[in-house]
Amino acid sequence: MIKGQFPASKFNSLETPFYYYDIDLLRKTLDTIKTEIRNKDYHIHYAVKANANPRLLKEIAAYGFGADCVSGNEILRAIDCGFPASKIAFAGVGKTDREIEIGLDNDIFCFNVESLPEMQAIEALAAKKSKTARIALRINPNVDAHTHKYITTGLNENKFGLNEADLPQALELIARSAHLEIIGMHFHIGSQITDLSAFENLCVKAFELRNWFHSQGVKLQHINVGGGLGINYQHPNHCPTADFESYFRLFGKYLKTEEGQSLHFELGRSVVAPCGSLITRTTYVKEGISKKFLIVDAGMTELIRPALYQAFHHIENISSDKELTAYDVVGPICESSDVFAKDMKLNEAQRGDLIAIRSAGAYGEVMASQYNCRELPKAYFSDQI
Ligand SMILES: *Cc1c(COP(=O)(O)O)cnc(C)c1O
């Protein structure tokens with residue numbers, strides 16, 4: 001079995017569980033993205049919600065990328081970590097007045113508007129500050145992302161975005177206001193999308209809608225196609241980066257932009273998931289009736305994805321080269337869903353062995369909780385330990 005490269009001897013002195021980030025892999029990923037979009041009018045807004053660790057944000061900001069934020073505090077964190085406000089897009093169905101004001105006060109790039117009442121609130125607050133808010137309409141394209149139902153966001157009657165039927169009224173409101181400027185349209189159809197044909201369908205829809213805006217006399221400066229590109233959770237060692245080449249090629253082929261129109265992407269998971277691992281220690285090996293349980297000191301409090309949406313993470317025993325043995329890898333939390341994997345083949349384990357739960361850089365540390373009075377996990381970086 002090929003395993004990841006971990007400095008296991010250095011880990012021995014550290015208290016577990018903790019997140020370990022491979023900075024070289026993060027930079028390699030960022031380099032790949034940068035190479036794929038060179039010479040194109042393509043812009044990346046990293047989706048901060050995937051991982052808001054300041055060190056990672058600083059690395060990503062240093063590549064010149066923008067940020068996609070879904071709360072006022074994410075905007076403040078992003079600015080703090082070096083993202084220019086002029087490259088920050090702000091999405092979310094429930095932006096509060098305070099959060100809208102943070103966006104206005106910092107002159108962010110764009111509010112991605114998800115409902116008519118939200119548009120009215122932004123207009124009123126912008127008017128009060130004598131400002132003009134740049135907005136993009138988040139439209140529900142009714143495209144099925146073929147991913148888990150909890151991370152599908154682009155179907156009708158989903159809480160996100162405007163429906164097409166709302167668009168004429170939205171344009172009327174904008175036309176009547178001196179404080180709203182429409183600069184784009186926005187989509188986000190879901191996450192962990194590996195069947196790229198979903199993006200093809202999105203392109204077709206975006207193209208149609210772009211023409212509709214044209215027919216209404218509205219020329220859009222940008223089209224934001226959101227994020228969602230998936231990674232290979234099964235084989236982190238063979239496929240350490242997402243298929244950015246096919247992804248960007250697809251948009252080049254199916255979504256031809258007009259002169260002066262740019263394409264924006266909000267990648268989250270595909271940027272940070274591969275570089276993070278949750279490192280945990282074996283507390284007990286428990287013999288069940290027909291299976292073995294590997295009880296580790298990390299739980300759903302540090303990484304909730306398996307419990308929340310049956311997500312798969314590859315797991316390795318980095319302290320052992322012994323024979324492969326099947327284990328159910330479970331945490332200590334008092335919930336039956338606190339299971340990282342069933343029937344995972346690991347090198348035979350004993351109490352104290354270090355276990356790496358791979359591809360945990362996205363929606364991992366950032367979702368940690370203190371349930372059971374646990375401490376939030378620490379993070380270490382490959383170039384600092
Ligand atoms: C979550 C989210 C993203 C990022 O999605 P990934 O699947 O992590 O790439 C992008 N845009 C919006 C609006 C989001 O809510």
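Predicted model: local features only at pLDDT ≥ 70, side-chain atom pairs only at ≥ 80, totals over all residues.

Biologist: Ligand first, then. Which residues come nearest to the ligand?

Modeller: There are 15 residues around the ligand, and those that come nearest are Lys 49, Ser 191, Glu 266, Arg 269 and Tyr 363.

Biologist: How far is the side chain of Lys 49 from an oxygen atom of the ligand?

Modeller: An N or O atom in the Lys 49 side chain is 2.7 Å from a ligand oxygen, while for Ser 191 a polar side-chain atom lies 2.3 Å from an oxygen atom of the ligand.

Biologist: And what part of Arg 269 lies 2.8 Å from a ligand oxygen, backbone or side chain?

Modeller: For Arg 269 it is a backbone N or O atom that sits at 2.8 Å from an oxygen atom of the ligand. As for burial, the ligand taken alone exposes 390 Å², and the protein buries 95% of that area.

Biologist: How does the shell around the ligand divide into nonpolar, polar and charged residues?

Modeller: The shell contains six polar residues, five charged ones and four nonpolar ones.

Biologist: Switching to helices: at what angle do helix 5 and helix 6 cross?

Modeller: Helix 5, residues 97-105, and helix 6, residues 116-128, cross at roughly 55 degrees, with their axes coming within 10 Å. Because of that angle, helix 5 counts as oblique to helix 6, and their crossing is right-handed.

Biologist: What about helix 2 and helix 9, at what angle do they pack?

Modeller: Helix 2 (residues 23-37) packs against helix 9 (residues 244-254) at an angle of about 25 degrees, and the two axes are 10 Å apart. An angle under 35 degrees counts as roughly parallel, so helix 2 is roughly parallel to helix 9. The crossing of helix 2 and helix 9 is right-handed.

Biologist: Last topic, the backbone. Where is the cis peptide bond?

Modeller: The cis bond joins Thr 16 to Pro 17, with omega at about -5 degrees, and Pro 17 belongs to the loop between helix 1 (8-11) and strand 1 (18-21).

Biologist: And what is phi of Gln 192?

Modeller: Phi of Gln 192 is near 50 degrees, a positive value in a residue that is not glycine. Gln 192 is located in the loop between strand 7 (180-186) and helix 8 (197-215).

Methods. Residues numbered from 1 in each chain as written. Heavy atoms only, no water. Near = heavy atom within 4 Å. Polar contact = N/O pair within 3.5 Å; in protein donor to acceptor, adjacent residues only side chain to side chain. Areas by Shrake-Rupley, 256 points an atom, 1.4 Å probe, with all protein chains shown as cover. Nonpolar A, V, L, I, M, F, W, Y, C, P; charged D, E, K, R; others polar. Axes fitted to C-alpha atoms, helices over the stretch in contact; angles between N-to-C directions. Helix = DSSP H or I, 4+ residues; strand = E, 2+ residues; numbered from the N terminus. Parallel < 35°, antiparallel > 145°, perpendicular 65-115°, else oblique. Left-handed = near helix turned anticlockwise from the far one by under 90°.
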